[in-house]
Amino acid sequence: MLAFAPESLVIAALTIPLIGALLIPLFHSAPNARESVTLATAGALTFTVWSLLPHVLAGARPAAIDIAVVPGLNIAFSVEPLGMLFALIAATLWLVTSVYAIGYMRGNDEPRQTSFYVCFAVALWATMGIAFAKNLFTLFIFYEILTLSTYPLVAHKANGEAIRAGRIYLLILIGTSMVLLLPAIAWTWVLAGTLDFTSGGILNGKTTPFALCALLALFAFGIGKAALMPLHFWLPAAMVAPTPVSALLHAVAVVKAGVFTILKVVVYIFGIETLAYAGSGTWLVYAAGFTVIAASLVALRQDNLKARLAYSTVSQLSYVILAAAILTPISAVGAAMHIAAHAVSKITLFFAAGAIYTAAHKTEISELAGIGRRMPCTMGAFAIGAISMIGLPPTAGFLGKWFMLSGAMQTGQWLPVAIIVVSTLLNAAYFLPIVYTAFFEREPAAHAVGAEAAHEHGEAPLPIVIALIFTAAATIGLFLFPEVPHALAKLMVGG
Amino acid sequence: MNAVTAQLPALQVVIPLLGAIIAAFLRRGTLAWAWAALITALTPVIAFAQLHQVWTNDTISYRMGGWPPPIGIEYRVDLLNAFVLLLVSLVSTIMMPYARRSVAHEIDGDKQAWFYCMYLLGLAGLLGITITGDAFNAFVFLEISSLSTYVMIAMGRDRRALVASYQYLIIGTIGATLYVIGVGLLYLVTGSLNFADIGTRLAEASAAYPRPVLAGLAFLFVGISLKLALFPLHVWLPNAYAYAPSFATAFLAATATKVAIYLLLRIVFSVYGVAIDLNTLPVSTVLYPLSIAAMFIASILAVYETNLKRMLAYSSVAQIGYITLGIALMNQAGLTGSVVHLFNHALIKGALFLALGAIVYRAGTIKLDDLGGIGRTMPLTFAAFVFAGMSLMGVPGTAGFISKYYLIVGALDAGLWPIAFLIVASSLIALVYIGRAVEVAYFRPIASAPANAKDPPLMMLVPILVLTFASIYFGIDTELSAGVASRVAETLLGGLK
């Protein structure tokens, strides 16, 4: 196999999606060629990112590009373990989602497919920038690009609801990042004189515990993509987007960029020990814990499948924040593991929701009675994703919770333990009925509900089914072979 | 060669001034355009040579007619005005290719030569205000540029352009009168009209006649504030920008207010600041509330405006608020932010107004409600609008972010963190009005006006794209913008008493 220098791999990962975004419009009138470009781009990116992995596991921290914009603000990239993990997840799942999107976009005759694929590629470019950012400033640039490039995807349907959702999306995400995150970054710069992500943090001994507490609040709420309550409602609104967008961006890339940023800020800007010593992170346990429970309760009441999944995402994202707020190395490992686990499981669930919409044109949970018999692959995959959400073995979701619980118990923090246990029950309460309805209830007879209920259908188009089987398999695979995320997560906390 | 370089400061003004007269005699529009383009293209060459000279050596002092200052008129080029000269001349040059079609579209054939004559006069006036070291000479150039501007605005197709021009004429004349009264007061107490010379004599004069010195500042300040459209003295600006020919709007938005801001900086820092401790003068006290009011009120007015040109005009008033806020901060980072925003905003607003002009050219309207789907029929033009709009909001990675960053750091350095919050909060409002235009342009069904529109010809498109590219590029490479601006700020603050 060809061996590339890790530095050039970093540059490749940061340019490939952009090249794809520029090439896609050239094939506007030839959909097959256009989708081939998307697949080739996603494939090349996945290959590039995986080629970086051995270097990072071997301890290298390949860096590339360093442009000083103004003194102190540099656009610079460097790959560290957590960013590596995030990039691996995003790139691999982009490839899978691209396959899925072809089936979905064609199956539903969506308009403006060219700009859809362009925005998708730009969003992935921004995701790579976030994953590999060497400092907060670079991360912030790509964080905003990610928001701006996904806005057209949210408003894609261009009807009143989509445009309103787009407004909420932009105002919350840009608003929080400008009004809270930017001052937080400026404040960090004033305190520490640097914005580089550094092992052990850069704020040790720089300020008072109270200021650390306020700064953490600016970060936690300023990073709106992490959907901490009460700044979560952009996420359910964004569900109006086509399902591939909800699946990859609003279950993986965008929201994970949020919790990823929080985790990076806690680990590399504050430093776990600095925060734990100052006791400035305690309130975050409450805020995240509240979000975990409250979002689950809201999810219980949703009949729309995508809305329930969205609130489940809000809840699951706060697991990661909660794990970070426990402030022990082992729970930080759990946070990283959960990012990976939730990514593959939630994307499976969204894929399934989109498959149901494409094949049966159903969006509400109450309409799903008996659908498991028409779409066994889809609903089987859905069941696996649901089990992972609850956190049961043999699925990936178990691992993240395991590490989080260990971390909390190790330091005797019983509140997080209680939150995790209660929320597990709630997860079961809102996911298992869907699986039960789909497999064990009888499909209503044609005359009972109307002609539409009797719509004859089988599985969704083949690309969709392939994609969701793959991610469902990955959900189990990650439980059986957790070496890669686990190794990266341990490297992150310096273990 | 040396004989020419020695005369550069004079040529900077004389070339467009004489060019204007010749342009008036070229009866044909295209010919006059070609002439104006040629003349304009010479100005940045001179400006660049001067900037190079002051960057490496020192201030250039040129004696007009060989008379030594302070009796004779001195043209004095330091880093600050070399920077502004380059900005004004370069942006005008970039815009010139655009002018031909847009002007031909909006102005009758027999009047086009007059338009270019007025444009060159306006350019000469702006360059003159910037380069001169003489307070009264600055007044003369202020009038030259203002009078030509009134004519340019009045040439707009809409009949309301006449009212707008008249309104601006009244207000502009009041402003100029106040300015000249201020100059008169300073002359009475110091006996000099030369900026630098007034500066050296002012400390003594201020001790003897404190009240006229303070009154002089008040007259100068208000007079210039009328020209730079400081809130609430901005009322002339929205109409003037909205009804002037598209090219004139873009030219004025990018250059005229910037030159007025330059004049304010010169008076505050090089005349008063060198003689009197600025903290004892009510400059910041006045500028803080007015700047912040501009940032919020004008931005909110922009949100409710359905005429896109007026929307951007209000946005200009708001952006001027950021620039004056940086002046009020009076520290290194704040002043750097102010000067760099002067530069960045010229590029951004130039790009935005040129894009609107292209929309007028193709779709014939700039009423937001009639422009449904314009983003799909004029993809490149509107993409430029979106990117320049992002820079206006201050998205990181764009030029607008650099300005905001310096202003925020300036506010934090001054210990004024609420102001830092106000800066970021007000820039959110830009998201609302730009976002509203984006929604209409991309997500509404294609309306009748834009249905047959397409991107404008290359001569118009290229200047739009160049300025848009610049308003992104200077967010990444800030050597020429923030690099120079921070040295300018250093010099201005270093000279303070």
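This is a predicted model: local features need pLDDT of at least 70, side-chain atom pairs count only at pLDDT 80 or more; totals for chains, interfaces and linings use all residues.

A: One term before we start: domain bounds here come from an automatic or database domain assignment. Residues are numbered from 1 along each chain as its sequence is written, while chains are lettered from A and ligands numbered from 1 in the order in which they are written.

Q: Thanks! What domains is chain A divided into?
A: Domain 1 covers 1–183 + 227–252, and domain 2 covers 281–495. Taken over C-alpha atoms, the centres of domain 1 and domain 2 of chain A are 22 Å apart.

Q: And how many residues does each domain put into the contact?
A: Domain 1 of chain A gives 31 residues and domain 2 of chain A gives 42. Two residues are in contact if their C-beta atoms, placed from the backbone, lie within 7 Å.

Q: Which element brings the largest share on the domain 1 side?
A: That's α3(A), with 15 residues. Helices are DSSP runs (H or I, at least four residues), numbered from the N terminus. The elements giving two or more residues to that side are α3 (81–107), α8 (234–237) and α9 (243–270) of chain A.

Q: What classes of residue are on that side?
A: The domain 1 side has 24 nonpolar, seven polar and no charged residues. Ala, Val, Leu, Ile, Met, Phe, Trp, Tyr, Cys and Pro count as nonpolar, Asp, Glu, Lys and Arg as charged, and the others, Gly among them, as polar.

Q: Switching topic: what ipTM does the complex get?
A: The predictor gives an ipTM of 0.86, along with a pTM of 0.90. For chain B, the mean pLDDT is 91, and 100% of its residues reach 70 or more.

Q: How many residues meet between the chains?
A: Chain B contributes 21 residues and chain A contributes 20. On the chain B side, α17 (399–413) and α18 (417–443) each supply at least two residues, and α18(B) has the largest share, with ten.

Q: Last one: which residues of α20 in chain A are buried?
A: In this helix (residues 483–492), they are A:Pro485, A:Leu488, A:Ala489, A:Leu491 and A:Met492. Buried means that 20 or more other C-beta atoms lie within 10 Å of a residue's own, with C-beta atoms placed from the backbone.

Q: Why do they line one face?
A: Seen down the axis of α20(A), the buried residues fall within an arc of 160°, so they line one face of the helix. The arc is that of the directions from the helix axis to the C-beta atoms. They pack against α3, α9 and α13 (329–360) of chain A.

How values were computed
pLDDT is the predictor's confidence in each residue, from 0 to 100. A residue is buried if 20 or more other C-beta atoms lie within 10 Å of its own, exposed if 12 or fewer, and partly exposed in between; C-beta atoms are placed from the backbone.
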